[in-house]
There are 2 protein chains.
Amino acid sequence: MDPSRRTELAGLYRRALLDDVVPFWLRHSLDAEYGGYLTCLDRDGSVYGTDKAMWLQAREVWLFAKLYNTLERRPEWLEAARLGYRFLRAHGYDADGRMFFSATREGRPLRKRRYLFTETFGAIAGAHYAVAAGDEAAWDLAERTYRLVVGLYRDPQSHPALAATLAPKTISETRSMRSHAMPMILVATSQEMREASGDAAYTAVIDEAIHEILTDFVHPEERALLETVGPRGERLDLPAGRLVNPGHAIECAWFLLREARHRDDRTLARRALEVLDWSLEWGWDEPHGGLLYFVDIEGRPPEQLEWDMKLWWPHTEALYALLLAHAMTGEARYLAWHDRIHAWSMAHLADPVYGEWYGYLHRDGSVALSAKGSMWKGAFHVPRALLYCMQTLEEPR
Amino acid sequence: MDPSRRTELAGLYRRALLDDVVPFWLRHSLDAEYGGYLTCLDRDGSVYGTDKAMWLQAREVWLFAKLYNTLERRPEWLEAARLGYRFLRAHGYDADGRMFFSATREGRPLRKRRYLFTETFGAIAGAHYAVAAGDEAAWDLAERTYRLVVGLYRDPQSHPALAATLAPKTISETRSMRSHAMPMILVATSQEMREASGDAAYTAVIDEAIHEILTDFVHPEERALLETVGPRGERLDLPAGRLVNPGHAIECAWFLLREARHRDDRTLARRALEVLDWSLEWGWDEPHGGLLYFVDIEGRPPEQLEWDMKLWWPHTEALYALLLAHAMTGEARYLAWHDRIHAWSMAHLADPVYGEWYGYLHRDGSVALSAKGSMWKGAFHVPRALLYCMQTLEEPR
């Protein structure tokens with residue numbers, strides 16, 4: 001990339017992060033009354049719902065702590081992280097060590113789900129908050145939560161008392177399926193724990209999870225990272241078994257690329273770049289542009305009604321994945337893909353009037369939901385991608 | 001309606017039912033190998049998934065039995081009902097008396113859900129099949145299944161052994177919500193049991209369910225039938241509490257209208273017509289046309305990504321509700337509404353090439369999913385509405 005282009009693009013990402021997106025969440029999401037964050041925000045930031053999704057509480061804590069730890073020690077970021085962390089700690093945990101999925105505005109628990117994703121976000125929130133605030137108890141809780149997840153990943157029978165809370169939806173005597181989401185999130189979670197602690201021991205879990213992804217979910221004969229496979233990684237002849245989630249696969253690709261760079265592992269980088277290449281091909285939607293949410297590799301109708309909607313996060317993940325791929329390989333096609341997705345995202349997803357990005361567009365790029373936040377969209381993918389894009393472009397060459 | 005128009009429209013519905021929609025399902029859905037029905041059918045009827053949703057197994061049994069019982073004693077309809085009923089009986093029931101939600105093609109159970117809807121469809125399938133086939137055991141099982149649902153509706157503690165299978169998703173100490181779907185389906189289920197048996201005793205359950213709907217879910221001050229309310233019928237200030245499901249409300253309106261006609265109850269008819277009027281106003285989507293799937297009564301973003309999609313079933317329910325309203329009142333505006341929805345449905349939902357209707361359109365009326373059937377769309381709403389529309393138009397005046 002020519003240096004002036006790099007400087008211009010870095011400035012664009014920096015301004016989007018610091019003058020638009022972070023201020024949007026600081027202004028609208030902090031719940032001064034009950035602690036934590038309000039994330040059901042309409043286009044202009046007005047609140048349309050007050051329930052609190054724990055994924056998003058944890059992710060926003062992580063964001064403010066990460067900004068504080070890696071970008072600048074702004075007291076307002078530390079305060080914002082503290083507001084969320086105290087809520088998460090007071091109301092996020094059940095007595096059995098697991099976390100709740102959602103709570104009322106005041107913090108009374110609404111749902112606990114069978115998936116361990118809240119726990120992974122709780123761990124990275126606590127780990128980075130512990131560093132930012134120098135809070136050792138926060139670290140201990142984060143580490144305990146992380147160990148619980150890893151223990152259950154390695155052996156689902158390791159915590160018999162939790163078995164009932166983790167029972168799969170599908171009767172496992174009839175059909176057993178494995179989801180890409182679990183090893184994928186363990187790579188990212190362990191990377192964040194390692195970064196916050198400086199402890200290389202987390203690498204062992206990353207190795208296990210990467211091995212599982214590359215062996216069982218990456219199917220070169222289909223040129224696809226499959227979202228759901230059978231117990232031995234086999235392709236299942238079902239709608240769920242034919243499903244590619246391009247955004248998820250692209251996000252996984254950059255988790256792997258970051259790991260490859262961390263280790264200077266060219267074989268891993270090559271495998272990650274393959275996943276990135278395939279997933280862009282599956283996801284990119286001519287002639288409308290943008291990335292599809294779900295694709296059936298045989299072109300059959302997916303089960304998800306929203307399959308052809310354009311969501312914000314596959315686009316944010318692609319922007320960073322492509323800048324990282326370009327930085328690591330120097331290949332011009334990654335920059336060309338970045339520019340294509342950047343132009344489409346800025347034209348359709350970004351809101352120049354009230355700031356932040358829309359979350360949910362129709363296939364043709366028109367706005368389907370006016371919300372800037374929901375029980376699923378919070379202060380996470382957009383600012384994380386803007387931060388990482390900016391940092392990638394500002395790295396010394 | 002002028003008599004020649006009525007004859008023409010009745011003929012149109014009759015041909016759509018008997019020359020298009022019923023043959024589509026007879027041709028593509030009968031599973032000669034394992035019994036039951038294949039419902040994951042692409043545009044041309046080709047199979048893209050073989051799992052069997054028990055709702056749809058039961059509803060297709062009901063349809064063929066109903067056609068046989070009320071329209072014509074065609075042996076192929078009885079055979080088609082038998083194929084599905086045997087599968088449902090062999091594979092639909094768990095040992096505890098509840099039913100499974102889905103199974104593999106061979107009938108091995110995949111999921112059992114916390115809702116009792118499978119059981120209500122199982123009851124009406126068994127009841128009408130019992131009449132068609134003269135199968136007393138089918139009647140006994142249908143009646144037992146119906147009694148289980150009614151018992152749990154009246155007192156959720158009535159079957160302590162089932163409590164764990166019925167626990168709500170939301171922690172009820174924090175928030176208790178009631179759904180319109182339960183009393184609504186009990187009205188329709190009890191009507192079908194009464195029709196199949198000729199036993200007026202089912203009317204007591206209908207009375208209870210109608211009372212609950214009119215007292216707690218119909219909110220005249222909002223001009224809305226709300227989909228979810230609090231324990232005492234109060235409006236909840238949450239996205240779920242502001243939700244109107246126009247298709248559901250319109251379907252409920254015709255359940256109530258049929259009941260009003262059955263009883264010659266003008267007060268009930270007036271209440272039902274109000275719900276119909278309001279729900280058409282909430283649902284009709286200018287300038288695109290068609291009925292929205294979900295609407296927030298304050299114009300806030302709904303939680304459902306698919307909120308502005310146009311699904312087949314709100315349109316089929318509206319067609320019949322409006323013809324019935326017109327037949328009962330003679331008011332021209334119901335016919336005008338019928339004609340508007342009929343024209344939009346025929347232009348966008350019906351498939352003149354391969355038959356049947358698409359299930360899922362974008363807001364603008366373009367096809368979002370090519371499927372004719374899925375784990376949710378089967379041989380039910382389209383043929384039921386065509387049958388009832390035809391019967392309404394062919395009634396002596």
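Visitor: Why does Glu281(B) count as exposed?

Guide: Please note that this is a predicted model. The relative accessibility of Glu281(B) is 51%, and exposed means over 50%; therefore Glu281(B) counts as exposed.

Visitor: What makes the contact of Glu281(B) and Arg223(B) a salt bridge?

Guide: The N to O distance between these side chains is 3.7 Å. The cut-off is within 4 Å, so the pair of Glu281(B) and Arg223(B) meets it. Glu281(B) belongs to helix α10 of chain B, while Arg223(B) is in the loop between β7 and β8, 58 residues apart.

Visitor: Why is Arg242(B) called buried?

Guide: Arg242(B) has a relative accessible area of 3%, and buried means under 20%; hence the term applies to Arg242(B). Its salt-bridge partner is Asp237(B), with the closest N and O atoms 3.5 Å apart. Asp237(B), at 61% relative accessibility, counts as exposed.

Visitor: How do you know that Arg235(B) and Glu298(B) form a salt bridge?

Guide: Their closest N and O atoms are 2.6 Å apart, and the rule asks for a distance within 4 Å, so the pair of Arg235(B) and Glu298(B) qualifies. The two residues lie in separate loops of chain B, so the pair ties together parts that are 63 residues apart in sequence.

Visitor: How many salt bridges does the rule find across the interface of chain B and chain A?

Guide: The rule finds four. One salt bridge joins Arg300(A) to Asp42(B), with the closest N and O atoms 3.3 Å apart.

Terms used
Residues numbered from 1 in each chain as written. Chains lettered and ligands numbered in written order. Predicted model: local features only at pLDDT ≥ 70, side-chain atom pairs only at ≥ 80, totals over all residues. Heavy atoms only, no water. Helix = DSSP H or I, 4+ residues; strand = E, 2+ residues; numbered from the N terminus. Buried < 20%, exposed > 50% of the residue type's maximum accessible area, 1.4 Å probe, protein only.
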